[in-house]
Amino acid sequence: MTPRTPLAFASLILTAGAILLIFLALLGGAVDENPTNKFYFLQADTSGLGNAASTTRWTFWNACSVMDGRNECPSVHAAYPFDPNRNFETTMSFGGNKYYLETRFAFAFVLIGLFFAVCSLFLGLIALCSRIGSFLSSALCSIALFFQTLTAALITAAFVQGRDAFRSQDRIASLGRYNFGFMWAAVACLFLATLLECIGGVTGKKDRSYTKRTGGRRFFGRKKSTRSTRSRGSFIDPERQRRMEKEDSD
């Protein structure tokens, strides 16, 4: 087993972990089951805002009311924007269109990053036995890392500013620790996976160049020489011939 194999295996685990974390963040608001019905990005006091419930939680898919600490979500909408004015048909000041654009782009970016992460996972299987597979997998993983980092940054900017906007109006607001933990942990996993895959590719190159220089010999191995055998044979044959001639003369 080459040093590349454990590195490729570790990167596979990290990539799979990042995909799982992204899926968990996406399931919040889309699947009304425990524990996903406790995942959200922002919870805020929205009493008196248009048609909003007293407390609202925002996910990737919708704005949900809260009952017994769980999300009570209406129909699912892809790329549901965080924009209280549009969400609740109110005219209060909540930052204009910037939250709308940030969250809409974030939804697109997370899907793109998820796609490249899955592709990197499958190519990571080739990386277990191929240096080229390591480099290809690291390239796809770096693209996934780029889009996932953009997603996490946009989501963080939008909902942190939104929380502050609610608090500035003397409303209770808090961030969802699970979803933000999932998003940034996925960034960390993809970063480490990309790093390990690059190291695995470079390590495979060093192993190959070493083998080429040593002519395929192992570190403790030694090529068997046939020179001494041929030399001994060249002395044995004339001696045997002289002995046979002596026996004939006797």
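Let me begin with a definition: a residue is called buried when its relative accessible area is under 20%, exposed when that area is over 50%, and partly exposed in between, using a 1.4 Å probe and protein chains only. What we have here is a predicted model, in which local features need a pLDDT of at least 70 and side-chain atom pairs count only at pLDDT 80 or more, while totals for chains, interfaces and linings use all residues. Residues are numbered from 1 along each chain as its sequence is written, and side-chain values use heavy atoms, with hydrogens and water left out.

I will start with confidence, where pLDDT is the predictor's own score for each residue, from 0 to 100. The protein averages 83, and 78% of the residues score at least 70. Among the elements, taking helices (H or I, at least four residues) and strands (E, at least two) as DSSP runs numbered from the N terminus, strand S5, residues 173-175, has the highest mean pLDDT at 95, whereas helix H6, residues 227-249, has the lowest at 57. Over residues 216-235 the pLDDT stays under 50, and the model has four contacts there beyond four places in sequence, a contact being heavy atoms within 4.5 Å. Where pLDDT is low, the predicted coordinates should not be read in detail.

Now to the interior. A nonpolar core here is a set of buried Ala, Val, Leu, Ile, Met, Phe, Trp, Tyr and Cys residues joined through side-chain atoms within 4.5 Å. The largest one has 45 residues, and those with the most contacts inside it are Leu26, Trp58, Phe60, Phe159 and Phe166. Helix H4 gives the largest share of this core, nine residues. If we look at Phe159, leaving aside residues up to four places away in sequence, we find that Phe159 touches residues including Phe41, Trp58, Phe82 and Phe180.

How many salt bridges does the structure hold? There are three, each defined as a side-chain nitrogen of Lys or Arg within 4 Å of a carboxyl oxygen of Asp or Glu. One of them joins Arg86 to Asp83 at 3.3 Å, N to O; Asp83 counts as buried because its relative accessibility is 2%, while Arg86, at 47%, counts as partly exposed. Another joins Arg70 to Asp68 at 3.8 Å, N to O, and here Asp68 is exposed, because its relative accessibility is 67%, whereas Arg70 is partly exposed at 30%.

Finally, Glu72 lies in strand S4, residues 70-72, and is partly exposed, with 28% relative accessibility.
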